[in-house]
Structures are given as C-alpha cells and as structure tokens.
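These entries record what I looked up in the structure. I began with the ligand and then turned to the domains.

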Amino acid sequence: MRIGILTGGGDCPGLNAVIRAVVRRSTDRGHEMVAVRDGWKGLTEGIFAPLGRREVSGILPRGGTILGTTRTNPYKVEDGVESVLRHFSDEGLEALVAIGGEDTLGVAARLHHEHALPVVGVPKTIDNDLSGTDYTFGFDTAVSIATEAIDRLHTTAESHNRVMVVEVMGRHTGWIAVMSGIAGGADVIMIPEQPITVEDACRELAKRHDGGKDFSIIVVSEGYELTYESGEHRLVADEARATDQFDHVVLGGVGDALAREIEERTGFETRVTVLGHVQRGGTPTPRDRVLATRFGLKAADLAHERRFGRMAALRGDTIVDVSLAEATRELKTVPAEWYDVARAFFG
Ligand code: F6P
C-alpha cells in the first residue's frame, strides 16, 4: 500500500513520535509511506515528499512536526475537496493517516463520510478537548510546562506580595488551566466551562489576605470570558486579526484584562504572565512520547487492516479505536468533578 501521512492544526509535542511509529511499523510491513506536507494544504495543492526510515531517524524527542502544518480547510478553499481527492488518487495513495485535533480530524471525518476517503485519525492537541479518548498527546507536556511556570511565579508572588495572573492556552476548554492549576497549587482557576465571576475571584483573594497570605496565583484559560455578577460577560480576543479557515478567533489578552480588574477592585499589586506558544514548544514529556508512539502504531494497524473512518484512542490504559465521526461530534469539556478538585483549594 502507499500510505500518506499529514499533521494539521497547531504544532504539538509528540507529533514526530507518532510519525516515526507509523513509518516504522508500516515500512516494516512493506508499505510505502508518503509525506503530505503542511496538513490539508499538502493534499489540496499536491505537495508530497518521500518518507522512509531515514527521514524519521532521530525525531522521537523533537518537538514540532517534520511534515509541517497549517490550518488549511479544504472545505473553505475553492474546489478544495475536489483537489484533495484528485491529488490523493494521482499520487497513488491508498490510505491516509491524519494527525490532528477537532478541525483536522473533523475534515477527515467529513471526507470519509461524504467521499469514502480511506483515512484513519490520531488525536492530537495540547488542549485535550477531543472526545472519544481519555487523553490526547501533547497535553501532558503543556501541563508540565505550565506547572513549572506556576512554580517559578510563586517565587516573585511571595517575595513581592503580589497577585500573579497566569494565562494558559485552551481555546474552548480549561483542561490545561485546571490540571496545571491543581498541580501548581493555584489559588483561583478560571475556565470557560465553569465561569466564576470576577467578583468571586476578588473575594477569594481578599479571603487569603485576611488569612495572612499576601500573595496569590490565578490561572486563567485564554477562552475564559470575563464574567460579572451583573450577568455581563465578554470574550477577550484579538479583534484586529482575522479568524482562521475554521472560523476561530485569535484568542489572547484575558490575563491582562483580568489583572487590571483585580488591581482596581482589590488594590493588590497584580502582574500577568502569558505563557502562549511556550506551552507547545520543545521536547515532549516521556508520557507524551509513549502515548504518541502507541497511537502511531495503532493508526498504522488500522490503515493496514483497512479499517478506515476510525481513530486511535486511549481508554484507561488501553489503546482502542473509535469512530472518527463520533470523536469529532462534540468537544470534551472539563467536568464539574474536576473543577471541584481545583475549587477545594481556592482562597
Ligand atoms: O489548539 C491548540 C492551540 O494552542 C490553542 O490552545 C490555541 O488557542 C490555538 O492553538 C492557538 O493557535 P495559533 O498557534 O494558530 O495562534
């Protein structure tokens, strides 16, 4: 078989580990691998390269993706879907491994359903918001980086008696905020799914000060809408910049807005740190390397067995496969039970 492989959406630690595993297992079986460059752009425009054991040598610990990535959506490009199907067949491909999050895999699920594209999926995102799998690879690395940042920010918070606001990623969900906040001992955590108000957050800080703690750490998810007791709420986004081809606005800035509100309302000196793409960069944790490797082997097996329309997934500690359509139907949000764990340490 000639098997194509692509990575789409934001880069994510562990992508190279998946690519290595798919290539190693597939070429061991005598299949030929083809690199599809830059996500769906590669199939839309026909950008391919050879991919063998030599190309994947030494990439296991490397962040990013050797295949390149974009947020191209063939459904938003003129004749995009026809081009994908034409290039797929002209290149002699018989299977495709798509590694991505809700957007990339959403396109894969649709192409499979509408055009019988022989595709299997691998769930990638630092946000951990894909359904059908307990965890996505990349998440553990992002949480480790955010936790280390919170630990370090404690130093300044404590020395200067300051409130430190840490803005972490998570476009629609607060997984990174909740997990790094619990691990780092945050005093308040603000996420889109359980939007506590700005007034509540200020009350928690005042309570800490009354109890003799003159510093605090607040972790806020970039997708948290500033929410007030009046019922007003406001998403902070970069309005100057266009949305991408999946209609997502560019987020960022909520930490700054929140810090200003806190300082004004409480009088406590407040500073903000935006972790941004630092959370996606660099080498994956051992846990992510192992998960990505297991996902890659599973995806290679699914392609070999021609079980298309399926996605590798983690259930408990077992790698299984689930329907791509189901996995991309709705996002996996942070359940109330998890937020309760975090909330037990507020204030
Ligand atoms: O989906 C991963 C993610 O890092 C989100 O947490 C974030 O909102 C988005 O990507 C940022 O995308 P970009 O790197 O394209 O600005």
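**Ligand site and domains**

I first classified the shell around the ligand: 5 of its residues are charged, 2 are polar and 2 are nonpolar. The model I worked from is a predicted one.

I then listed the residues that surround the ligand. They are Arg71, Ile126, Asp127, Met169, Gly170, Arg171, Glu222, His277 and Arg280.

Next I looked up polar distances from side chains to the ligand. For glutamate 222, a side-chain N or O atom is 2.5 Å from an oxygen atom of the ligand. For aspartate 127, I found a polar side-chain atom 2.8 Å from a ligand oxygen. For arginine 71, the distance from a side-chain N or O atom to an oxygen atom of the ligand is 2.8 Å.

I followed these contacts with the accessible area. The ligand exposes 400 Å² when taken alone, and the protein buries 78% of that area. Which pocket does the ligand take up? I noted that its space is the largest pocket.

I then consulted the domain assignment of the chain. It gives domain 1 as 2-138 + 284-327 and domain 2 as 142-280. Taken over C-alpha atoms, the centres of domain 1 and domain 2 are 33 Å apart. I also checked the contacts between them: 18 residues of domain 1 are in contact with 17 residues of domain 2.

Finally, I returned to the ligand with the domains in mind. Domain 1 and domain 2 each supply at least three residues to the shell around the ligand.

Definitions and conventions
Residues are numbered from 1 along each chain as its sequence is written. This is a predicted model: local features need pLDDT of at least 70, side-chain atom pairs count only at pLDDT 80 or more; totals for chains, interfaces and linings use all residues. Side-chain values use heavy atoms; hydrogens and water are left out. A residue is near a molecule or strand if one of its heavy atoms lies within 4 Å of it. A polar contact is a pair of N or O atoms within 3.5 Å; within protein, one must be able to donate a hydrogen and the other to accept it, and residues adjacent in sequence count only if both atoms are side-chain atoms. Accessible areas come from the Shrake-Rupley method with a 1.4 Å probe; for residues, only the protein chains shown count as cover. On a 1 Å grid over the protein atoms alone, a cavity is a set of points where a 1.4 Å probe fits but cannot get out, and a pocket is an open set with protein on both sides within 12 Å along at least five of seven lines; lining residues have an atom within 4 Å of a point. A molecule sits in a cavity or pocket if more than half of its atoms lie within 2 Å of its grid points. Ala, Val, Leu, Ile, Met, Phe, Trp, Tyr, Cys and Pro count as nonpolar, Asp, Glu, Lys and Arg as charged, and the others, Gly among them, as polar. Domain bounds come from an automatic or database domain assignment. Contact means heavy atoms within 4.5 Å.
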